[in-house]
Amino acid sequence: MHINFYIYTGTMGLRGSTTEDNSAAAVVTAKSIISQLQSKGLNASIGIASGLAFCGLVGSSVRHEYAVMGSSVNLSARLMSVALVGTILCDQKTKDSDRYV
């Protein structure tokens with residue numbers, strides 16, 4: 001048995017581009033991602049969490065990377081890991097602020 005999987009992290013509402021509808025935009029985007037992947041015969045599970053996170057360079061001057069870190073990033077990863085294939089799970093904060101849910 002050969003299983004391939006990939007984990008991607010996306011952010012919405014970075015400093016300077018936040019709106020009151022960040023939660024709605026995240027859910028709409030997640031639905032679009034799942035739909036587009038399914039149309040290509042691929043599957044995905046998505047976790048969404050709202051909150052503050054650090055976004056920037058991490059490491060030394062010799063070796064560094066651009067990263068997004070924080071409890072909301074960790075929570076979204078945990079939600080994604082338990083979401084059924086083709087579904088989106090979000091935290092309570094996202095649900096409460098999403099005008100579509």
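**Surface, fold and core of the chain**

The accessible surface of the chain comes to about 7,800 Å². Carbon and sulfur atoms hold 56% of that surface. These values come from a predicted model. Of the 101 residues in the chain, 21% are buried.

The chain contains 3 helices and 4 strands. Along the sequence, these elements follow the pattern α-β-β-β-α-β-α. Contacts across the sequence were also examined. Among contacts with a separation of 6 or more, 57% join residues 24 or more positions apart.

In soluble globular proteins, nonpolar side chains tend to be buried together. In this chain, the largest nonpolar core has 7 residues. Its members are Ala26, Val27, Ala30, Ile34, Ala44, Ile46 and Ile48. Helix α1 (22-39) and strand β1 (46-48) each supply at least two residues of this core. The biggest share comes from α1, which gives 4 residues.

Alanine 26 belongs to this core. With residues up to four places away in sequence left out, alanine 26 touches Met12 and Ile48. Ile48 is a core member as well.

Tyrosine 6 lies in the segment before α1. Its relative accessible area is 60%. The cut-off for an exposed residue is over 50%, so tyrosine 6 counts as exposed. Tyrosine 6 and alanine 44 stand 38 residues apart in sequence. In space, their C-alpha atoms are 9.3 Å apart. Alanine 44 is itself part of the largest nonpolar core.

Definitions and conventions
Residues are numbered from 1 along each chain as its sequence is written. This is a predicted model: local features need pLDDT of at least 70, side-chain atom pairs count only at pLDDT 80 or more; totals for chains, interfaces and linings use all residues. Side-chain values use heavy atoms; hydrogens and water are left out. Buried means under 20% relative accessible area, exposed over 50%, partly exposed in between (1.4 Å probe, protein chains only). Contact means heavy atoms within 4.5 Å. Accessible areas come from the Shrake-Rupley method with a 1.4 Å probe; for residues, only the protein chains shown count as cover. A nonpolar core is a set of buried Ala, Val, Leu, Ile, Met, Phe, Trp, Tyr and Cys residues joined through side-chain atoms within 4.5 Å.
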